[in-house]
Every structure is written in C-alpha cells, then in structure tokens.
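Hi,

Here is the structure I promised to pass on.

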Amino acid sequence: MLQGLSLEARQEALKVFRPLRLRRGAVLFAPGDPVDGVYLVRQGLVGLHRPGPGLEEGVLDVVGPGGVFGEEALGGEARRRAGAEALTYAELYFAPREGLAALRARFAEVEAFFLQALYGRLCSLEERLWEARHLSVAQRLARLLLRMGEDGVAPFSHQDLARMVGASRETVTKLLGEWALKGWVDLGYRRVEVLEPKALARLAEEL
C-alpha cells in the first residue's frame with residue numbers, strides 16, 4: 001500500500017501504522033466521535049455513513065483496498081463527520097493522530113501520498129453524486145454490483161445494497177428478483193453473484 005514512498009519513509013510509516021482486523025458489521029466510529037487517527041484499507045470494504053433527517057443512515061461512500069478514510073485527522077478536526085462500518089471482513093492500517101503528525105512533518109512524500117488517496121475519494125464521491133442525480137435505481141444497482149463484485153460476487157445483503165444506492169430494501173429486492181428470473185444474477189445469503197455482466201453493463205449505460 002505504501003509502495004510509492006521511499007524506503008526510509010515506508011519504514012517509518014510502518015512504525016506508525018498499526019494493523020487492524022475487523023469482522024463484517026464492526027463499527028469503527030460514529031458521527032460525532034472524537035477524531036483519533038486515519039485509516040488505510042488493505043483488504044475488504046468499509047462504508048462511510050451519516051444519518052439523514054429521518055435518522056435513516058445512508059452510505060456516503062465505500063472505501064476499498066488502497067483507500068483512505070478518517071481524513072478529519074489530516075485536517076485537524078476534533079469530531080467525526082461520518083461513521084464507518086466494515087461492510088465485509090476487512091484488514092486495515094490505523095495511524096494515531098500524534099504519530100501521523102510527526103510522520104507528515106518529516107516526509108513531504110507522505111503528505112503527497114495522502115493527497116493522492118483523498119483525490120481518489122473525491123472522484124468516487126463525485127461519481128456517486130452524478131449517479132444519484134442522473135441514473136435510476138436499477139442503473140445505480142447494476143453499476144454497484146459490477147463495481148463491487150469480487151470475482152463476480154458482491155458480498156452484500158439486500159439492505160446493504162439499498163443503503164449504498166439510496167433506495168428502499170423492497171425496491172432492491174424486487175429488482176434483484178427480476179434479474180434472477182432473467183438469469184442475470186444468482187441470489188444467496190448476503191451475496192449476489194453476477195452471471196451476465198454484459199446485460200447489467202448495458203442497463204447501467206442506458207441514458
């Protein structure tokens with residue numbers, strides 16, 4: 001994950017970042033919690049969420065391998081703006097705030113590394129905003145399955161998928177049922193296997 005850094009910077013970073021393993025559904029922090037550090041994702045998927053007016057939580061973004069979250073620690077904020085939850089089994093690296101500040105002050109390339117990672121997050125958020133404004137629920141769901149499926153399998157429940165595409169569980173279940181009848185997907189417990197990615201891709205691109 002730190003391949004772009006010099007050997008010295010990488011060695012020092014490994015002294016700061018602590019490995020962390022999370023089971024599916026584990027909560028790292030909630031909105032309003034004190035900011036204690038920043039996270040890098042090595043394996044798995046982490047959802048960032050924030051409650052809406054009706055207290056129903058929507059997923060703002062999904063961070064996968066190589067991604068950074070908990071960026072409030074980089075900006076000096078005191079409280080978390082969003083919560084974070086492991087959507088799958090996940091392996092992370094966590095850097096406490098104090099050690100991170102010293103590492104960034106010593107190595108300019110570490111600062112550049114975080115800027116690049118956060119730029120990737122910004123691009124992801126912009127894509128999700130565009131999808132929410134211009135695409136149907138079916139198109140957003142098709143794109144999500146194609147994007148998140150590892151070896152064609154997206155390890156999510158219908159409720160997980162509904163939260164990520166900003167729709168009701170009933171709507172997502174109905175769409176998945178229709179696609180299963182067409183042979184596009186196979187449904188299992190907390191998993192959706194994409195059988196016909198070309199069919200979903202065609203649907204996802206219809207405008």
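Searching the whole structure turns up 21 salt bridges. Keep in mind as you read that this is a predicted model.

One of those salt bridges to look up is Arg 106 with Glu 8, where the closest N and O atoms are 2.9 Å apart. This pair ties together distant parts of the chain: Arg 106 sits in helix 3 (residues 97-106) and Glu 8 in helix 1 (residues 7-16), 98 residues apart.

Next, the overall layout. The protein splits into domain 1 (7-132) and domain 2 (136-205). Taken over C-alpha atoms, the centres of domain 1 and domain 2 are separated by 26 Å.

How much area is buried between domain 1 and domain 2? The figure is about 1200 Å², with carbon and sulfur atoms giving 47% of it. On the domain 1 side, Arg 24, Val 59 and Glu 131 supply 42% of the area buried against domain 2, more than any other three residues. In terms of contacts, 15 residues of domain 1 meet 11 residues of domain 2.

Between domain 1 and domain 2 I get five salt bridges, and seven residue pairs are in polar contact, both residues being at pLDDT 80 or more. Glu 131 turns up again here: it forms a salt bridge with Arg 143, and the closest N and O atoms are 3.5 Å apart.

Which elements of domain 1 supply at least two residues each to the side that touches domain 2? They are strand 5 (57-63) and helix 4 (108-134). Helix 4 gives the largest share of that side, with five residues.

Strand 9 and strand 11 (residues 191-194) run antiparallel and are joined by two bridges. If you want a residue to start from, Ala 154 has Val 192 in strand 11 as its bridge partner.

Over to you!

Cheers

Note on methods. Residues are numbered from 1 along each chain as its sequence is written. This is a predicted model: local features need pLDDT of at least 70, side-chain atom pairs count only at pLDDT 80 or more; totals for chains, interfaces and linings use all residues. Side-chain values use heavy atoms; hydrogens and water are left out. Two strands pair if DSSP finds at least two bridges between them. Helices (H or I, at least four residues) and strands (E, at least two) are DSSP runs, numbered from the N terminus. Domain bounds come from an automatic or database domain assignment. Contact means heavy atoms within 4.5 Å. Buried area is the accessible area (1.4 Å probe) that two parts lose on being put together, summed over both. A salt bridge is a side-chain nitrogen of Lys or Arg within 4 Å of a carboxyl oxygen of Asp or Glu. A polar contact is a pair of N or O atoms within 3.5 Å; within protein, one must be able to donate a hydrogen and the other to accept it, and residues adjacent in sequence count only if both atoms are side-chain atoms.
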